[in-house]
Amino acid sequence: MPALRYRSKRYKQRRVRTTGGRTVTHYKKKRVSTASCASCGRPLGGVPWMRASKLRSFPRSSRMPNRPFGGYLCPACARQAIKEEARA
Ligand SMILES: [Zn+2]
């Protein structure tokens, strides 16, 4: 039975054949998906790829772009949203 921490879904299992011929399970942290635009789904620039819990330890200025809708919408969608806000 694996250690308690490896029984959670946050680890990816990989079966590896060792040089001795045994098959062992290696546990690897899952890859983090890139932050994407909430409107069109395009990957966002200026937002580092890491777990949200780790990102919290960074200063706000390096977590997301410092502009309206920064870290939420891509520049094209943000421009559109600002225009629609002004027209309404
Ligand atoms: Zn977008």
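User: Of the contacts between residues at least 6 apart in sequence, what share joins residues at least 24 apart?
Analyst: That share is 24% in the protein chain. Two residues are in contact if their C-beta atoms, placed from the backbone, lie within 7 Å.

User: What sort of model is this?
Analyst: It is a predicted model: local features need pLDDT of at least 70, side-chain atom pairs count only at pLDDT 80 or more, and totals for chains, interfaces and linings use all residues. Residues are numbered from 1 along each chain as its sequence is written.

User: Which elements does the chain have, and in what order?
Analyst: There are three helices and two strands. From the N terminus the order is β-β-α-α-α. Helices (H or I, at least four residues) and strands (E, at least two) are DSSP runs, numbered from the N terminus.

User: What box do the C-alpha atoms fill?
Analyst: Roughly 70 × 25 × 20 Å, along the principal axes.

User: And which domains are assigned?
Analyst: Domain 1 covers 1-30 and domain 2 covers 34-88. The bounds come from an automatic or database domain assignment. Their C-alpha centres lie 35 Å apart.

User: How much of the chain is buried?
Analyst: Buried residues are 2% of the 88. Buried means 20 or more other C-beta atoms within 10 Å of the residue's own, exposed 12 or fewer, partly exposed in between; C-beta atoms are placed from the backbone.

User: Where is Ala76, and why does it count as exposed?
Analyst: Ala76 lies in helix H3, residues 75-87. It counts as exposed because it has 12 C-beta neighbours inside 10 Å. Its C-alpha atom is 25 Å from that of Leu55, 21 residues apart along the chain.
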